[in-house]
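This briefing concerns charged pairs and a nonpolar surface patch in a protein model. Please consult the sequence and the structure alongside the text.

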Amino acid sequence: METRELKINQGLEDEMEVWGYRPCLWKTALVGFGSVCSGGLLLLLLYWLPEWGVKGTCSRTTLRDAHTLLLRSTDEFRQWFRAKLYVKLAPGKRPFDVSDKQEAARLQNGDVARNSAAVGEDCIEKSTHPLPVQIRYFTHHSTKYYWSDAIQTFEVYKGLEDVKVCCASIHSDHSTGLSKELQEYRRLFFEENEITVRVPSMFKLLIKEVLNPFYVFQLFSVILWSVEDYYYYATAIVFMSVISIATSLYTIKKQYVMLHNMVAAHSIVHLSVCRRNKEVEQAMSTELVPGDVIVIPANGMIMSCDAVLVHGTCIVNESMLTGESVPVTKTSLPSSGEEGARTYSTEEHKRHTLFCGTHVIQTRFYTGQLVKAVVVRTGFSTEKGQLVRSILHPKPMDFKLYRDAYLFLLCLVMVAGVGFIYTIVLSIINKVPAKTIIVESLDIITITVPPALPAAMTAGIVYAQRRLKRLGIFCISPQRINMCGQLNLVCFDKTGTLTEDGLDLWCIQRVEGDSFNLPEADAAKQSLLYTPFVICMASCHSLTKIEGTLSGDPLDLKMFSATGWILEEPTEEETVLHNPIMPTVVRPPKHVLCEASENISITQNMELSVLLPFEIGILRQFPFSSELQRMSVVVRRLGEKHMDAYLKGAPELVAKLCKKDTVPESFTEMLETYTRQGFRVIALAHRQLESKLSWHKVQNLNRDLIETNMEFLGLIIMQNKLKAETKGALRDLRQAGIRTVMVTGDNMLTAISVATDCGMIPSHERVVIADAAPPKGIQPASITWQYTENPAHQAHKYNQIPETRLEEGVCTHQLFQEDQSYHFAISGKAFTVINEHFPELVPKLVLRATVFARMAPDQKTQLIELLQGVDYTVGMCGDGANDCGALKRAHSGISLSELEASVASPFTSTTSNISCVPNLIREGRAALITSFCVFKFMALYSIIQYLSVTLLYSILSNLGDFQFLFIDIAIILLIAFTMSLNPAWKELVCRRPPSSLISGPLLFSVLTQILTCVSFQILAFLLVRQQSWYQTWTPLSDACNVSSGGLSLSRNVTSPNDHKNIKNYENTTLFYVSCFQYLAVAIIFSKGKPFRQPSYKNWQFMLSCTGLYTFIFLIMLYPVPAIDSFLEIVCVPHDWRVTLVVIVLVNAAVSFTLETLILDIILWRLVFSRGKEAVLSPSATTSQSSIDRWGSAFLSWLFCRKNKAAKAQYMRLALELQQDTSWPPSPSSVTYASPSHADCSLHI
């Protein structure tokens, strides 16, 4: 058989390539020998590179015969995983292969062994069954993959949906339950119904943490320093590493515990399970398998699986999934007709499905019947399980800073390699002992690659985390703080994030005859009591009473409370006594009813029995459907012989379902008047049903037969108030060039109006709704482009865009917005269709789409990935568990809720508004700039010390232990930890920090400073050897008295046995010069505005620099014998000390000039951010601008940046669309999909 790789999960987000391997004895022996010879380093390398570990110990084989699998993700990260293959015995190959009768026959003599063992291990018990089959499987990311001989690959068994059963079949074949034997058989494949989040032991977490390459290198450095008796700095590094590891372990452990507690709550419960023999038995929820039938108790329960209702009705709180603490009515699955013939799908039939983790508040049932549901998915296959999986196994974050940091370190390693070879060659030439050669050559590596770098880099993030905490923002993933500094797009949920949770009734607009009445603010006034409009408001809803409190959708609550009516539900006793089910009743308050009846004359031909009592019974509800965008009810008034149907929903759809003569001519104009002002508009309609319709017939009627030929009643105008902080926060983001996008589960019109109201979409800019429809029969998929305004007066304005030049860090998004006055709005349904049938349009749409409405949780996550796919750095702000996947997937997720969402989100804000987002970005930018500053400083520290040591090695000398200690602790650690304390700048500026270390400005900065330090160190080293008083230093040397102007100091008396040759003039000179170089580059690299507060406001840093400068100047100009002896400094003439002062001052001046004047002012202005001025003032003709333009052109040519293409994909795409005269599509056009995904637009 072929040993080629196969793909599993094809077409899905977690698609992977898989190869089969089996153990190879000689390879394993060779690796073992190599590990012993390398002291375990080979094992570490194979641990870091799992593909090498598998290929180094195994040989390729077929997947069918494999013992070990090598997996690789097919996304941009190309991650490698190793998986062990297991086998177990079962009566059948698939979970749905064995029927009840077959299983009863096979299991009557005993149970199949379910113990799984690694391939090749003889741990499987012998079964009494004839010819059991082997099941081969492996587990990856909490999902089991089973080998299928039929399709020759691995497949995942999710549940009842695998057999593609229709709704009617669920009622006929699956609603009676499973036998105990069949349940046992299916459990072989689906195992226990439990979402297990195992909290790893502290020991495992510790091992995983310390095997990080940085900590391994630190261990190597500490061992080397201990051999050299350099215990002080080694102790400091060990101390910092212990604190860093302890902090990391505490954070990781805390996250695991939080997630475990969230998942474990109510995950294991006792429940009632129906069996085939019509018995109901008690069982644990962990025993459930797909196909089981469970009984939902009347007082509700927490669902431990995904199940579809087959009998009864449930009131469910789905806040775990939707983020909305609104009870939802779930009805039983259709069993007949067109809907009954459809294949069951949890997505399509979600209004009949009870999802894992949701709370069933109460049930409604018929006399003598239980509320039953068929289990369709268990464990990690459930909606909650998939959410937990996305949290446990998120995609890695690809942040350029960290990738470039490793590249930069690799460069330092190469420099260290040069020093390593140089040291060995030089030592051999000078016949240095072998031990000294080994120690000093290895020491040059620890000097070049600073072991303190991780601690220094972490310090800035820790300080930023502390500042965020003071702002009420808590962080569980500190590394993401840096990513916040690069955000150029933020997605926002709407309800509870941008707006308040509820809606307010603004007014009602009733229809009488063929026109609208004047707006009315009070729907509860007596004159409207008996009108169909108010009856519709009072009855057309899904409200219910929970523990005596009215509960339901906020819109329904506001609408019902505006009428002043009362809702009464039948008690459990009343339901048992009556058959059929007792209806829910709504009625006006008694005192209002009496007053109204007194005002009505008998001459109106109304019987008193009609007026008193006045009660409306709700006989059937057709729940709100996001696809249909409407809901309806069938009611009967007490004493009436006929029934009535009331409907509410999106105005355009409701108008289509009504008789044309009942819809006012001014309907469209009236609707636009309100929607443009940001109101949410609901339309109402009514229809009197035929008298011959009975209660039983109504229960079996399709809603399409009722929701037709209706009479239009009018409009309800609702206001969704923005939070007070929303507009200001969005304005700050917009001014900073950060794009904002709304991603909501709410309907399209509301989302657009809120986006306009809050400033996401300026009022003068138009919205293009991309309304996509899936293929039907021979009709291909299509997109209808609907403009919300009449675009005639600016039909081609979008294409008249001046040429712009884009650079990283410039407010590119703001430039686009200034010239393009359109925004796309896309619904969840259209989003799915476009992704599937119009993949070539997806990048174009996400570039300009501002509103995404009716988005499901998984669609939100997909959108984040699409935006990241065009190189946006994406933030997500939400407040519900439905945002968990998106919060986790975004570069920076900000939760406004401390419940489920906070477990998945890296950031949680205690303030429930989006003012936290600008604050987080400001702190992120400050932290990112701090990381660059610290990294550059630590890199320069390594190079400066490397230069000093390399120069001293040439004369067989070195820095002394206490000189190293003074530099490493008193200067480097003190400066590195205090330079990170600069607070964030007070406002967001229209410029992002650089995201890469391998960029023009940063490379220029680092390289020029390196060249400056090299030049002045070599200058000082050569110059001291040219002095007239210079000679090879000995304990008897007295250079201080050579200079006529020098001070008369006592002779340095040292031990004559200085085998390391530390004390000499070159050492003293380079020690002084290098100390000042460390301080100079620290001050120069510690940048302030526009991302951080100026360094002079960082008093700890300023105090440290001032104190160190003062101390070093004092010991250089006025030597103290005790300090000189401690630091192993020799006495030099006073004239040379003055010369050193001049050298270090000139060095500082040159460094400052290169960094501040040339880089920050000239090069940054004329080269690195050149397109910004060109766009903002393209017609400038002043002499200064001419000079700037010629200078810019010359420097761009010099730095090879002329006509440089934009790096980010969204920038390149934006430039392409500027030249595309056919984009956006013209109003009222339709784009059709073709088999090759080529589109064609037709004007209607």
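The points below are grouped by topic, beginning with the salt bridges.

The model is predicted. It holds 29 salt bridges, and a nonpolar surface patch of about 460 Å² is also present.

**Salt bridge between two strands**
- Arg 72 pairs with Glu 17 in a salt bridge, with 2.7 Å between the closest N and O atoms.
- This pair links distant parts of the chain, 55 residues apart: Arg 72 belongs to strand 4 (residues 68-73) and Glu 17 to strand 2 (residues 16-23).
- Arg 72 is buried, because its relative accessible area is 18%, under the 20% limit.
- Glu 17 also counts as buried, at 10% relative accessibility.

**Salt bridge between a loop and a helix**
- A salt bridge joins the side chains of Asp 493 and Lys 860 (3.7 Å, N to O).
- Asp 493 lies in the loop between strand 22 (489-492) and strand 23 (504-512), and Lys 860 in helix 31 (residues 857-869), so the pair ties together parts 367 residues apart in sequence.
- Asp 493 and Lys 860 are both buried.

- In the salt bridge of Glu 1066 with Arg 1025, the closest N and O atoms are 2.7 Å apart.
- Because Glu 1066 lies in helix 37 (residues 1065-1085) and Arg 1025 in helix 36 (residues 1000-1025), the pair ties together parts 41 residues apart in sequence.
- Glu 1066 counts as buried at 3% relative accessibility, whereas Arg 1025 is partly exposed at 34%.

**Nonpolar surface patch**
- Leu 407, Leu 410, Val 413, Met 414 and Ile 998 make up the patch.
- Met 414 is found in helix 13 (residues 400-429) and counts as exposed, at 54% relative accessibility.

How values were computed. Residues are numbered from 1 along each chain as its sequence is written. This is a predicted model: local features need pLDDT of at least 70, side-chain atom pairs count only at pLDDT 80 or more; totals for chains, interfaces and linings use all residues. Side-chain values use heavy atoms; hydrogens and water are left out. Patches are made of residues with over 30% relative accessible area and no salt bridge: like charges are joined within 9 Å, nonpolar side chains (Val, Leu, Ile, Met, Phe, Trp, Tyr) within 5 Å. Accessible areas come from the Shrake-Rupley method with a 1.4 Å probe; for residues, only the protein chains shown count as cover. A salt bridge is a side-chain nitrogen of Lys or Arg within 4 Å of a carboxyl oxygen of Asp or Glu. Helices (H or I, at least four residues) and strands (E, at least two) are DSSP runs, numbered from the N terminus. Buried means under 20% relative accessible area, exposed over 50%, partly exposed in between (1.4 Å probe, protein chains only).
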